[in-house]
Every structure is written in structure tokens, then in C-alpha cells.
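Here's a quick tour for anyone meeting this structure for the first time. Have a look at it below, and then we'll walk through a helix and the sheet beside it.

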Amino acid sequence: YREVLAARAGLDHVRQAAARLREVRAGSVRVASSAALGLHLMPRAIRRFLARRPGVTVSLEVASSAAVRDGVAGGGFDLGVCADEVDRAGVVATSLL
């Protein structure tokens, strides 16, 4: 049950990030996600986002939470979503729980 609630919270956070991109009509967004969210929830969220923004390209990479954090901190990704606790140094992080 906790996993379901955490997953829904993660999806809500992704929806909020997508809402901030509401005015974007073209360009690309690079997303990294841990496997817990990236294999099931993120593809659905991305499909919904792209249905409203056909001029935007979204790439999704599934990686370990540490790799997601490092990729966001290093500028390789615009957005990272993790299910595990990671070091937040160098990134702007919002807890989903």
C-alpha cells in the first residue's frame, strides 16, 4: 500500500513538472528515473504530456537512483525521479513523501 501511495505521489510530482512546461510547444526534455517509477508510471505520464505537446521530445532513461541524481546534478537530465533516498547535494529536490 505504501508503494502505491509513493508511486501516485511521484506521478503527481511529474504532472506538476509537466504543468510548469505548459507553455512549451517545442524542444526537448531529458528525464531520468529509477526503475521503480521509470518502468511503469513515467511512460504513461510522458505519453499524456506528449499528447498535449506534439512539438516536444521527451527522452527517458531508467537508471539507479544514484545515477539519476548524478545525471541531474551534472546537467545530463532536466528532471530526475527516484524512489530511493539519495544525496541531494547539487540538485533542487522535492520529497514526494
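Keep in mind that this is a predicted model. Let's start with helix H3, residues 41–52: at 1.5 Å a residue, its 12 residues should span 16 Å, and the end C-alpha atoms sit 18 Å apart, which agrees.

Which residues of H3 are buried? They are Leu41, Met42, Ala45, Ile46 and Phe49. These five cover an arc of only 120° around the axis, so they end up on the same side of H3.

Three strands make an open sheet in the order E2-E1-E3, and the pairing is parallel. E2 and E3 are the edge strands, each pairing on one side only. On average, neighbouring strands here are turned by 20° against each other, ignoring direction.

| Strand | Residues |
|---|---|
| E1 | 27–33 |
| E2 | 56–62 |
| E3 | 79–81 |

Zooming in on one pair, E1 and E3 run in the parallel sense and are joined over three bridges. One of the residues to look for is Ala32, whose bridge partner in E3 is Gly80. In general, strands of a sheet pair through backbone hydrogen bonds, either parallel or antiparallel.

So how do the helices meet the sheet? H3 lies across E1, E2 and E3, and runs at about 175° to E2. Helix H4, residues 65–73, packs on the sheet as well, touching E1 and E3. The direction of H4 makes about 165° with that of E3.

Terms used
Residues are numbered from 1 along each chain as its sequence is written. This is a predicted model: local features need pLDDT of at least 70, side-chain atom pairs count only at pLDDT 80 or more; totals for chains, interfaces and linings use all residues. Side-chain values use heavy atoms; hydrogens and water are left out. Helices (H or I, at least four residues) and strands (E, at least two) are DSSP runs, numbered from the N terminus. The expected span of a helix is 1.5 Å times one less than its number of residues. Buried means under 20% relative accessible area, exposed over 50%, partly exposed in between (1.4 Å probe, protein chains only). The arc is that of the directions from the helix axis to the C-beta atoms. Two strands pair if DSSP finds at least two bridges between them. Axes are lines fitted to C-alpha atoms, for helices over the stretch in contact, and angles run from 0 to 180 degrees between N-to-C directions. Contact means heavy atoms within 4.5 Å.
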